[in-house]
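Have a look at it first, then read on.

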Amino acid sequence: MPLSKKQIRLIHVAKTKLGIEDGLYRSILANLCGVTSSTELDQAGFELLMGFFEYQGFRPMTRNGANYGPRPGMASYAQLELIRALWTEYSQGRAGESELNKWLERCFKLTSLRFLGKATAPKVITALKAMKTRAA
């Protein structure tokens, strides 16, 4: 199965961030994966190549939710990230932040996660943990 465009872009970002010249990159592809171009890679080759890039020091950026900064009286960044993680586990990755916001509005009368107060955050976390437990 060929790689997605996103995976090929990630390979080229890693190559650029590590400062690998084209000739060296081609020899890495040939020696490590047995191909001459990233478009010829399969999933196993992609994982092998990315493992090599990570060994060389490349760290792919992870997509985090918005950090709204220090806000007195509001939920902390750690609480927001925990809520996002619990939501992802509960929905098994099928529902995004817009669905989370709809759930918050229905259950807690909040239109967005960014309006979550410090006192309400533990209630949301407890509710999500209970939902996750019931779903399992």
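Let's start with Lys109, which is exposed at 67% relative accessibility (exposed means over 50% relative accessible area, buried under 20%, partly exposed in between, with a 1.4 Å probe and protein chains only). This is a predicted model, where local features need pLDDT of at least 70, side-chain atom pairs count only at pLDDT 80 or more, and totals for chains, interfaces and linings use all residues. Residues are numbered from 1 along each chain as its sequence is written, and side-chain values use heavy atoms, with hydrogens and water left out.

**Positive phi in two loops**
- Lys109 has a positive phi of about 60 degrees without being a glycine, and it sits in the loop between H5 and helix H6 (121-135); helices here are DSSP runs of H or I with at least four residues, numbered from the N terminus.
- Gln92, also not a glycine, has a positive phi of about 55 degrees.
- You'll find Gln92 in the loop between H4 and H5, exposed with a relative accessible area of 57%.
- For background, most residues other than glycine have a negative phi.

**How H4 meets H5**
- The axes of helix H4 (residues 77-91) and helix H5 (residues 97-108) come within 11 Å and cross at roughly 100 degrees; axes are lines fitted to C-alpha atoms over the stretch in contact, with angles running from 0 to 180 degrees between N-to-C directions.
- That makes H4 and H5 roughly perpendicular to each other (the class covers 65 to 115 degrees).
- Ile83, Arg84 and Trp87 of H4 make the contact with Glu97, Glu99, Leu100 and Trp103 of H5, where contact means heavy atoms within 4.5 Å.
- Those contact residues divide into four nonpolar, no polar and three charged (Ala, Val, Leu, Ile, Met, Phe, Trp, Tyr, Cys and Pro count as nonpolar, Asp, Glu, Lys and Arg as charged, the others as polar).

**Aromatic rings**
- Trp87, Tyr90, Trp103 and Phe108 form one aromatic cluster; rings pair if their centres lie within 6.5 Å, using the six-membered ring of Trp, and planes under 30 degrees apart count as stacked, over 60 as edge-to-face and the rest as tilted.
- Trp87 and Tyr90 lie three residues apart in helix H4, about one turn.
- Trp87 is buried at 7% relative accessibility, whereas Tyr90 is partly exposed at 30%.
- The rings of Trp103 and Phe108 have centres 5.6 Å apart and planes at 70 degrees, so this pair is edge-to-face.
- Trp103 is buried at 5% relative accessibility, while Phe108 is partly exposed at 23%.

Conventions. Parallel < 35°, antiparallel > 145°, perpendicular 65-115°, else oblique.
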